[in-house]
Amino acid sequence: IDQSKYFMNVGIVGLGKMGLLHTAILNTFDDVKVVSISEKEKLITKYINDAFPKTKIYENFEDMFSNEKLDLVFITTPTLSHFQIMNSCIEHGINFFVEKPLVINYEETKNICKLLQQKKLIMAVGYNLRFVDTFSKTKELLEKKILGKITDISSSILSSQVLVKNSGWRLNKKMSGGGVLLELGCHLIDLLLWYFGPISKVEGKVLSIYSNVEDSAEMKFTTNDKVNGTLSASWSLKGYRIPEITINIKGEYGSLKVNQDFIELNFKSENQKFKSGKTMIYKQELEKGVSFDVGGPDYTKEDRHVIDCIKHNRTPLVDISDGANVQS
């Protein structure tokens, strides 16, 4: 294929917050055409017709898959519908990106993995924090064994998302599969698995405060390398404008703390290119910039990565197996 003339035809299923975000980003890429959108809400489809007059609108995603020649589908619907839409993509032989979490429970995870065993499709899951510069730099540092043997891990994801009794699909376990642990905590779990590999033991407790799903969770875990760690998750704490993730890692040579804004290193003595004592690495030092930023540069990097993986037949950084490991 002459890549300079190749346009990738993309379909979007679900035009809520995340669907709009991905559509906006994809429409800035010169080699991508968002040719069709599946959305049931009439008010939203009226807006789509006004904003994207050349984009075909379908009420039913099955009709869209049957009638359109699609290279890639973005699935950005509530979690309950993910399995059905992914299954249809597999049947039609269409590559897909699905927003996190993968599905609502582990049983659906096992079923989707079985369906994919004989299919040569490229599939990505929306754990965008791997594309945040501070978290990706931490992965690089850990691969260089900059801390030596890891001895302890503590982590948290905290937000002010649910502070009063409310309703909606995210607070309905039948539709969402769970609360803060599955909706927000899955991002942190993905990072921990990316950094430290499989988990051999987990124990903990969850608490419902304002909803019928868990609003907070406290967990202890042990990795396969016998490193002990903790995870704290809550979306019912005041004072957080956006969710805040923090990971503290201790090792034989010192410690590392990382969040969305910076990496703080503390070494007992000079280590590789770092001096003894404290070293700060801020996100501004790491950012290379993106062509278009809406919601954060990590979303643009994520979408560009997925498009390039489809074009060059590469496995995405976060594929279905990663999504299944988080679900497990």
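1. In this predicted model, the buried residues of helix α4 pack against β1 (8-13), α3 (61-67), β4 (72-75), β5 (95-98), α5 and α12. The residues concerned, in a helix that spans 82-92, are H82, F83, I85, M86, S88, C89 and I90. Directly after α4 comes G93, for which the model gives a positive phi, near 70 degrees.

2. Helix α5 (residues 106-116) and helix α12 (residues 320-327) have axes 9 Å apart and an angle of about 160 degrees between them. Since angles over 145 degrees count as roughly antiparallel, the two helices are therefore described as roughly antiparallel to each other, and their crossing is left-handed.

3. As to the residues that form this contact, α5 contributes Y106, T109, C113 and L116, which meet I320, A324 and Q327 of α12. By class, the contact of α5 with α12 comprises 5 nonpolar residues and 2 polar ones, with no charged residue among them.

4. Helix α12 has a further helical neighbour in α9 (residues 185-196), with the axes of α9 and α12 lying 9 Å apart and the packing angle at about 110 degrees. That angle makes α9 roughly perpendicular to α12, given that the range from 65 to 115 degrees is the one assigned to this class. The crossing of α9 and α12 is right-handed, whereas that of α5 and α12 is left-handed.

5. On the α9 side of this second contact stand C186, I189, D190 and L193, and they meet D322, N325 and V326 in α12. The residues of the contact between α9 and α12 divide into 4 nonpolar, 1 polar and 2 charged, while the contact of α5 with α12 has no charged residues.

6. Turning to the strands, β10 (residues 228-234) is mostly covered, with 5 of its 7 residues buried. Strand β7 (residues 150-158) runs parallel to β10 and is joined to it by 7 bridges; within this pairing, D152 has N228 of β10 as its bridge partner.

7. Together β9 and β10 form a hairpin in which 4 residues lie between the strands, and K226 in the turn adopts a positive phi of about 65 degrees. A reader checking backbone geometry may wish to view this residue alongside G93, the residue after α4 that likewise has a positive phi.

Terms used:
Residues are numbered from 1 along each chain as its sequence is written. This is a predicted model: local features need pLDDT of at least 70, side-chain atom pairs count only at pLDDT 80 or more; totals for chains, interfaces and linings use all residues. Side-chain values use heavy atoms; hydrogens and water are left out. Axes are lines fitted to C-alpha atoms, for helices over the stretch in contact, and angles run from 0 to 180 degrees between N-to-C directions. Angles under 35 degrees count as roughly parallel, over 145 as roughly antiparallel, 65 to 115 as roughly perpendicular and the rest as oblique. A crossing is left-handed if the near helix is turned anticlockwise from the far one by less than a right angle, and right-handed if clockwise. Contact means heavy atoms within 4.5 Å. Ala, Val, Leu, Ile, Met, Phe, Trp, Tyr, Cys and Pro count as nonpolar, Asp, Glu, Lys and Arg as charged, and the others, Gly among them, as polar. Buried means under 20% relative accessible area, exposed over 50%, partly exposed in between (1.4 Å probe, protein chains only). Two strands pair if DSSP finds at least two bridges between them.
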